[in-house]
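Open the model in your viewer and keep the sequence panel beside it. This tour tells you what to select at each stop and what is there.

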Amino acid sequence: MADVVRKKGTSAFVTLLGCFLLSYGVYGEEDNGEQYRGKYLGKLNQYHHQVSGDVWAVDQYTLLLTSFNYDGNGADTFFWAGATNRPGPQGFIVPNEWTKTNVLDRYFNKDFTLTLPHNKKIVDIKWFAVYDLASQNTFGDVYIPEEFEPPSPQKISQLSKRSHNVSSEPIVILDAKTISIPQFIYDGQSTNTYFWIGVGPQPSSIGQKVPDEYGYMDSLRSYNNEDIVLELPGDVTVFNIDWLSVFDVKTKSNYGSVIIPDGLNVPPSLTKIIKQTKSLPNCVQLHKRYQISWEIFGPQITIQLAAQVAEDEYMAFGLSGSENSSQMEGADVAIAYMDDTRGYATDYNITAKAPCGKVLGQYKGVCRDELLGGLDNNQLYTAVREDGINTITYRRTLTSSDVGDKDFITDKPVYVVWALGKLDKTNNEPSFHDVYPRSDIVLDLSRKEPENTCIDFTEYNKKVFQREPWEKTEIFDKSIRTFKATIGPSGGKRGYQGITGKPSMGLAWYIEGALIPELYLRRGLTYNFRVYGGNNPHSAELYHPLIITDEPHGGYDTLSDLAQSKIRVLAGVELTRRGRPRPTAVGPLCLSKHNDRDRRLDDNFPSFNKFNRTLVQVCEPGEGGTLVISPNSTWPDLVYYHSFTHANMGWKIHVVDSYTKNNAVVRKLSVFIAITTVLLGVL
């Protein structure tokens, strides 16, 4: 099913297996050892100061210099280009590889790219040179051929319409590894369907899976006129495949496909390929950014987790809580991460989809085995971080006497779970995961013949996947004295995480219908919060009394006595006769939910307003809990509203002496009022 895509056999052009990375100068290689760098312009003519090298056109605006040399001894020397018949003073400076217009330093065998300034195109110039303005001497140059066509994105045919409503507008090959599919439609009704590539006259089962637009290897979801961009896996480029298909690997059915023409004049890829050394015989690609390898020897299993993660992110992998599906609750997992140069693969048990915390005196949630009365039975073997990839190897016995551990079964396939997410750096505990599978994952751990279906990592370009945070909301209105506080989804990386810069537990406070607004309260006035955060203390996920403290983290009830002693609680907590903290602002649950929509698409919404329209609010009967506060002179200027039981759900309260702010803030208030008006209209 995941055979490596073979070289085209019918192409009249050289097969190109490599890709090019501008900022790193790293290239994939062709079968003949050469590299695809774009369209070749020629060697620099060598005149003075040891100038030499090759020049390529990457796209309409970009030149690539390879093996470039210059002794650095010119007095006033620059990269220079112009439209005259030969190099001379009637030209312009081309900024160096750092986009600076400094006098050139020495270069020795360097590879780098240069971008023409002011949106000038390669077809607008006749030559490129290393030129000295002081002496008006050309040290080296290359000429642009007449009627030259630099590489550019190429439009090809649309997907053929065969079944399952598959269709698209004409597909665009953006570069050697990147394919854009405009207005893609697929009904999502098949459970074994993927973007699929291969060689030959038509799509077949001999091919390779392409991660979807978010890097998932799962069966495709439904699409409705969506513009998506795919990156070809590993070192595969458009030059060594013949077709792209929406393909059902179980029934071997092609639901729609397109032929990739030979000899496309497209830019080289900007993606760095990171070669991985596979130390264990079995390997499965869980996600574009995540792979697991393993080996069973005697009574032990050795597991290696490798993923492209930030320094503050974790990898999770383990046995499902169910024997019939991939289920988080009840799962036995390892949480693996790097803390500086030290690695961890800690044994956890998942009893609820919530961070670990005490529920009526017992730990529930994603908790270390040691907190649940068990032992950490994972033995760390190796841990290293290189090229943005954490690779952590650990061992465990197949069977364990620990009641919290599950046995690794070797006589049949097993269901597993996995995730990638952000660490809460205050305690190095996992927060709510950002990346996780859509469907069941089954592994045959005791394969008779080792199998490796992993692909090389390609550099994870965060800028491509990052979205601007939604605009923060401020409530600065002296007429508002009562606030309704409910619970809702945190809004992915554009919501809570983007606004606060903190990891999320998946839920957050909604105040007056807005996601974690910053509140401005005046000293000397009394305010009333009506709290709908859940009143069932047995629930590890949905019990959120509201409190106000002087620290930004929250989750007061989960902290140690020492940590609690360092926090000033301003409202929402009283002490029992035994001196234990007890929340006072407890009310029925009012929860906004995703309406049958994958929450992993939250980042696609350009604003909270549009995101909020897709939510459905479900409220339990009853009056909300009450939290009455009267900020006074003893209150700090900045405090925070939180959940008593969970960290990272609330945000800031500014305590002010008067309701006067500058015009910029008043404008933000106007935006908030407009948003609130729309929301009220929708509700």
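**Before you start**

This is a predicted model, in which local features need pLDDT of at least 70, side-chain atom pairs count only at pLDDT 80 or more, and totals for chains, interfaces and linings use all residues. Residues are numbered from 1 along each chain as its sequence is written, and side-chain values use heavy atoms, with hydrogens and water left out.

**Stop 1: the whole chain**

Along its principal axes it spans about 90 × 70 × 50 Å. Now colour by secondary structure. The chain has five helices and 50 strands. Both are DSSP runs numbered from the N terminus: helices are H or I with at least four residues, strands are E with at least two.

Switch to a surface view. The accessible surface comes to about 31200 Å², by the Shrake-Rupley method with a 1.4 Å probe; for residues, only the protein chains shown count as cover. Carbon and sulfur atoms own 47% of that surface.

How many of the residues are buried? Of the 683 residues, 53% count as buried. Buried means under 20% relative accessible area, exposed means over 50%, and partly exposed is in between (1.4 Å probe, protein chains only).

Contacts come next, meaning heavy atoms within 4.5 Å. Among contacts between residues at least 6 apart in sequence, 67% join residues at least 24 apart.

Colour by charge. There are 70 positive and 79 negative side chains. Lys and Arg count as positive, Asp and Glu as negative; His and the chain ends are not counted. The centres of the two sets lie 5 Å apart, with each charge placed at NZ of Lys, CZ of Arg, CG of Asp or CD of Glu.

**Stop 2**

Residues 38–145 are 0% helix and 48% strand, with end C-alpha atoms 15 Å apart. Residues 154–261 are 0% helix and 43% strand, and their end C-alpha atoms lie 10 Å apart.

**Stop 3: the disulfides**

A search of the whole structure finds three disulfides, each a pair of cysteine sulfur atoms within 2.5 Å.

Zoom to Cys283 and Cys454. A disulfide joins them, S to S 1.9 Å. Cys283 is in strand β21 (residues 282–287), and Cys454 is in the loop between β34 (441–443) and β35 (457–458), 171 residues apart. The torsion about the S-S bond is about -90°, so this disulfide is left-handed. Cys283 is buried at 0% relative accessible area. Cys454 is buried too, at 14%.

Next, pick Cys356 and Cys367. Their sulfur atoms are 2.0 Å apart in a disulfide. Cys356 sits in the loop between β26 (342–350) and β27 (357–359), and Cys367 in strand β29 (residues 366–368), 11 residues apart. Here the S-S torsion is about 100°, so the disulfide is right-handed.

Go to Cys590 and Cys619. They form a disulfide with sulfur atoms 1.8 Å apart. Cys590 lies in strand β46 (residues 590–594) and Cys619 in strand β47 (residues 615–619), so the pair ties together parts 29 residues apart in sequence. Cys590 is buried at 1%, while Cys619 is partly exposed at 40%.

Number the bonded cysteines in sequence order, and the pairing reads 1-4, 2-3, 5-6.

**Stop 4: single residues**

Most residues other than glycine have a negative phi. Select Ser67 in strand β6 (residues 62–70). Its phi is near 50°, a positive value. Ser67 is partly exposed, at 33% relative accessibility.

Then select Lys252, in the loop between β18 (243–248) and β19 (253–259). Its phi is positive as well, about 55°. Lys252 is exposed, at 57%.

Finish at Glu386, in strand β30 (residues 379–386). Is Glu386 buried or exposed? At 55% relative accessibility, Glu386 counts as exposed.
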